Amino acid sequence: MTQTRLQGGCLCGAVRYTISGEVQRFYHCHCRRCRKATGTGHASNLLVTPESSLEWLAGEELLSRYKVPEAERFYNCFCSHCGGPLPRTVPELDGVLIPAGSLDDEPPVAPQARIFWESRAEWSCSGDDLPVYPEYP
């Protein structure tokens, strides 16, 4: 895929990060958990590998996590000051899931698909040419 170096942070700017790695995918996820975690119709996330490529530049002590108790691996990482979503590691994939909106600049790749499409909210976006999948492709 695409080797890149990305920087980003939270809404208040207290937490900053950089990541240097390979972008594996960029999906819009429409599952119920992502909708609840973002408060929107979908989450837009990039998966970058390897997991070790994430470096916290500032505010690491402000990171908070919430793990959904019944979920095997879903958790949310955010700034404890402003609530802004932040990258979270995915050890099972040796990667980092990056909320696209936390990036300082445009992602180096365009979204590739919409996943968990069948569980989307009816009012959520549609009408583009991205492939849709009922779960993970």
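pLDDT is the predictor's confidence in each residue, on a scale from 0 to 100. In this predicted model, local features need pLDDT of at least 70 and side-chain atom pairs count only at pLDDT 80 or more, while totals for chains, interfaces and linings use all residues. Residues are numbered from 1 along each chain as its sequence is written, and side-chain values use heavy atoms, with hydrogens and water left out.

**View 1. Confidence along the chain.** The chain has a mean pLDDT of 92, and 98% of its residues reach 70 or more. Strands here, like helices, are DSSP runs numbered from the N terminus (strands E, at least two residues; helices H or I, at least four). Confidence is lowest in strand S1 (residues 2–9), where the mean is 89, and highest in strand S4 (residues 54–58), where it is 98.

**View 2. The cis peptide bond between Thr49 and Pro50.** Most residues other than glycine have a negative phi, and most peptide bonds are trans. Thr49 and Pro50, however, are joined by a cis peptide bond with omega at about 0°, and Pro50 is found in the loop between strand S3 (43–49) and S4.

View 3. Relative accessible area is used to call a residue buried (under 20%), exposed (over 50%) or partly exposed (in between), with a 1.4 Å probe and protein chains only. Asp94 has a value of 39% and is therefore partly exposed. Phe116 is likewise not a glycine and has a positive phi of about 55°; Phe116 is placed in the segment after strand S9 (113–115) and, at 17% relative accessibility, counts as buried.

View 4. Side chains of opposite charge can pair when their charged atoms come close. A salt bridge is counted where a side-chain nitrogen of Lys or Arg is within 4 Å of a carboxyl oxygen of Asp or Glu, and a search of the whole structure finds 1. In that bridge the side chains of Asp104 and Arg16 meet at 2.5 Å, N to O. The pair links distant parts of the chain, 88 residues apart, with Asp104 in the loop between S8 and S9 and Arg16 in strand S2 (residues 16–29). Asp104 is partly exposed at 41% relative accessibility, and Arg16 is also partly exposed, at 23%.

**View 5. Two aromatic pairs.** Rings of Phe, Tyr and Trp (its six-membered ring) pair if their centres lie within 6.5 Å, and planes under 30 degrees apart count as stacked, over 60 as edge-to-face and the rest as tilted. By this rule there are 2 aromatic pairs. The rings of Tyr17 and Trp56 have centres 6.0 Å apart and planes at 75°, so they are edge-to-face. This pair links strand S2, which holds Tyr17, with strand S4, which holds Trp56, across 39 residues, and both Tyr17 and Trp56 are buried. Phe116 and Tyr136 also form an edge-to-face pair, at 5.0 Å centre to centre with 85° between the planes. Tyr136 is exposed, with a relative accessible area of 56%.

View 6. Asn76 is found in strand S6 (residues 75–79) and counts as buried at 17% relative accessibility. Contact means heavy atoms within 4.5 Å. Leaving aside neighbours within four places in sequence, Asn76 is in contact with Ala37, Ser64, Arg65, Tyr66 and Arg88.
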